[in-house]
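Here is a short briefing on one protein chain. Look over the sequence and the model, then read the points below.

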Amino acid sequence: LSLSTFPHAASKMTKGTQAYGRKHNKVHTLCQRCGKSSYHLQRGRCASCGYPAARTRSYQWGQKAIRRKTTGTGRMRHMKLVNRRFKNQFRENTQGKSKKATTAA
């Protein structure tokens, strides 16, 4: 049997192996806010964080996703300092009591 016997077989589009050779356009690119490759170019919206919306995209049915993005999973450049200051009751312009003087006595 040859393809000339079945002319419709050659022109039929499939969703399988043959179709993967045609996929060379980028639908999503890097998001400015979350850094993931989830920003839809035509729609102009990030599928992961919802950028450019002011609120970050999160849903209660995605508890694992919320857990991955929550406070404490990154560097916490500011919150590290706040935690330390909270431990000392946010004191400013004072000197902490020396622990050497209390242990020596």
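**Briefing: a predicted model**

Arg-57 sits in the loop that runs between strand E3 (45–46) and helix H3 (63–69). Helices (H or I, at least four residues) and strands (E, at least two) are DSSP runs, numbered from the N terminus. The model is predicted: local features need pLDDT of at least 70, side-chain atom pairs count only at pLDDT 80 or more, and totals for chains, interfaces and linings use all residues. Residues are numbered from 1 along each chain as its sequence is written, and side-chain values use heavy atoms, with hydrogens and water left out.

**Overall build**
- The protein chain holds five helices and three strands.
- Along the sequence, the pattern is α-α-β-β-β-α-α-α.
- Of the 105 residues, 10% count as buried. Buried means under 20% relative accessible area, exposed means over 50%, and partly exposed lies in between (1.4 Å probe, protein chains only).

**The sheet**
- Three strands form an open sheet in the order E1-E2-E3, and their pairing is antiparallel.
- Strand E1 (28–29) and E3 are the edge strands, each pairing on one side only.
- E2 (residues 39–40) pairs with E3 in the antiparallel sense over two bridges. Two strands pair if DSSP finds at least two bridges between them.
- Tyr-39 stands opposite Cys-46 in E3.
- In general, strands of a sheet pair through backbone hydrogen bonds, either parallel or antiparallel.

**Charge on the surface**
- A patch of positive charge on the surface gathers Lys-36, Arg-57, Lys-64, Arg-67, Arg-68 and Lys-69.
- Patch residues have over 30% relative accessible area and no salt bridge; like charges are joined within 9 Å, and nonpolar side chains (Val, Leu, Ile, Met, Phe, Trp, Tyr) within 5 Å.
- A salt bridge is a side-chain nitrogen of Lys or Arg within 4 Å of a carboxyl oxygen of Asp or Glu.
- Arg-57 counts as partly exposed because its relative accessibility is 31%.

**Backbone features in the loops**
- The peptide bond from Tyr-51 to Pro-52 is cis, with omega near 15°. Pro-52 is placed in the loop between E3 and H3.
- Met-76 is not a glycine, yet has a positive phi of about 55°. Met-76 lies in the loop between H3 and helix H4 (79–87). At 26% relative accessibility, Met-76 counts as partly exposed.
- Phe-90 is not a glycine either, and has a positive phi of about 55°. Phe-90 is found in the loop between H4 and helix H5 (99–104). With a relative accessible area of 42%, Phe-90 is partly exposed.

Conventions:
Areas by Shrake-Rupley, 256 points an atom, 1.4 Å probe, with all protein chains shown as cover. Lys, Arg positive; Asp, Glu negative; His and termini not counted. Charge placed at Lys NZ, Arg CZ, Asp CG, Glu CD.
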